[in-house]
Amino acid sequence: MKIAIAMPAYNEGDAIPVFLNELYAEFVDHSLEIVVVDDFSTDGTADVLIGHLAAPRVHKNAKNLGHGPSYLMALQIASNLEVDFVIATD
(Lines give C-alpha, C1' and ligand atoms only; values in the text may rest on other atoms or scores of the structure.)
Protein backbone atom coordinates (compact mmCIF):
# COMPACT_ATOMS: atom_id res chain seq x y z
CA MET A 1 0.00 0.00 0.00
CA LYS A 2 1.24 3.51 -0.86
CA ILE A 3 0.73 6.13 1.83
CA ALA A 4 1.51 9.84 1.84
CA ILE A 5 1.87 11.75 5.08
CA ALA A 6 1.31 15.50 4.87
CA MET A 7 2.53 17.91 7.52
CA PRO A 8 3.37 21.55 7.99
CA ALA A 9 6.48 22.51 9.93
CA TYR A 10 7.72 25.67 11.56
CA ASN A 11 11.00 25.70 13.49
CA GLU A 12 10.97 21.94 14.02
CA GLY A 13 14.61 21.33 13.09
CA ASP A 14 15.42 19.60 16.37
CA ALA A 15 12.30 17.44 16.65
CA ILE A 16 11.33 16.50 13.12
CA PRO A 17 14.14 13.98 12.42
CA VAL A 18 13.01 11.87 15.38
CA PHE A 19 9.39 12.07 14.20
CA LEU A 20 10.35 11.03 10.67
CA ASN A 21 12.21 8.01 12.02
CA GLU A 22 9.15 7.05 14.08
CA LEU A 23 6.90 7.34 11.03
CA TYR A 24 9.14 5.13 8.90
CA ALA A 25 9.37 2.57 11.69
CA GLU A 26 5.58 2.51 12.08
CA PHE A 27 4.90 2.18 8.34
CA VAL A 28 7.80 -0.15 7.54
CA ASP A 29 5.51 -2.53 5.62
CA HIS A 30 4.22 0.20 3.29
CA SER A 31 5.54 2.49 0.61
CA LEU A 32 5.71 5.87 2.32
CA GLU A 33 5.96 9.40 0.95
CA ILE A 34 6.31 12.21 3.46
CA VAL A 35 5.45 15.73 2.36
CA VAL A 36 6.59 18.57 4.61
CA VAL A 37 5.79 22.22 3.99
CA ASP A 38 8.32 24.33 5.86
CA ASP A 39 6.56 27.58 6.75
CA PHE A 40 9.65 29.79 6.40
CA SER A 41 11.38 28.39 9.49
CA THR A 42 14.28 30.35 10.92
CA ASP A 43 16.05 27.37 12.52
CA GLY A 44 17.13 25.51 9.37
CA THR A 45 14.24 23.01 9.38
CA ALA A 46 14.31 22.68 5.57
CA ASP A 47 18.05 21.93 5.59
CA VAL A 48 17.57 19.25 8.26
CA LEU A 49 14.79 17.69 6.20
CA ILE A 50 16.70 17.76 2.94
CA GLY A 51 19.67 16.07 4.64
CA HIS A 52 17.56 13.39 6.35
CA LEU A 53 18.04 9.79 5.20
CA ALA A 54 14.28 9.38 4.75
CA ALA A 55 14.39 12.08 2.05
CA PRO A 56 10.94 13.60 2.53
CA ARG A 57 9.49 15.87 -0.12
CA VAL A 58 10.11 19.38 1.15
CA HIS A 59 8.40 22.56 0.04
CA LYS A 60 9.67 25.76 1.63
CA ASN A 61 7.35 28.74 1.71
CA ALA A 62 8.91 32.00 0.47
CA LYS A 63 7.39 33.73 3.49
CA ASN A 64 5.58 32.67 6.64
CA LEU A 65 1.99 31.89 5.63
CA GLY A 66 0.80 30.42 8.91
CA HIS A 67 -0.33 26.99 9.97
CA GLY A 68 -3.57 26.71 7.99
CA PRO A 69 -2.26 27.60 4.53
CA SER A 70 0.87 25.48 5.03
CA TYR A 71 -1.25 22.54 6.16
CA LEU A 72 -3.51 22.84 3.12
CA MET A 73 -0.50 23.06 0.82
CA ALA A 74 0.96 19.88 2.30
CA LEU A 75 -2.36 18.11 1.78
CA GLN A 76 -2.61 19.35 -1.80
CA ILE A 77 0.91 18.19 -2.67
CA ALA A 78 0.32 14.80 -1.04
CA SER A 79 -3.03 14.39 -2.79
CA ASN A 80 -1.35 14.84 -6.17
CA LEU A 81 0.93 11.85 -5.57
CA GLU A 82 -0.02 8.39 -6.75
CA VAL A 83 -0.90 6.95 -3.35
CA ASP A 84 -3.73 4.94 -1.84
CA PHE A 85 -4.11 7.11 1.27
CA VAL A 86 -3.11 10.53 2.52
CA ILE A 87 -2.62 10.92 6.25
CA ALA A 88 -2.58 14.41 7.73
CA THR A 89 -0.39 14.98 10.76
CA ASP A 90 0.99 17.92 12.62
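Author: Two strands are said to pair if DSSP finds at least two bridges between them. Strands (E, at least two residues) and helices (H or I, at least four) are DSSP runs, numbered from the N terminus. This is a predicted model, in which local features need pLDDT of at least 70 and side-chain atom pairs count only at pLDDT 80 or more, while totals for chains, interfaces and linings use all residues. Residues are numbered from 1 along each chain as its sequence is written, and side-chain values use heavy atoms, with hydrogens and water left out.

Reader: How many bridges join β2 and β3, and in which sense do they pair?

Author: The two strands pair in the parallel sense, over four bridges. Within this pairing, Asp38 has Lys60 of β3 as its bridge partner.

Reader: Which strand do eight bridges join to β2?

Author: That strand is β1 (residues 2-9), which runs parallel to β2. Here Ile3 has Leu32 in β2 as its bridge partner.

Reader: What is meant by a salt bridge, and how many does the structure hold?

Author: A salt bridge is a side-chain nitrogen of Lys or Arg within 4 Å of a carboxyl oxygen of Asp or Glu. The structure holds one. It is formed by the side chains of Glu33 and Arg57, at 2.8 Å from N to O. The pair links distant parts of the chain, 24 residues apart: Glu33 lies in β2 (residues 31-38) and Arg57 in β3 (residues 57-60).
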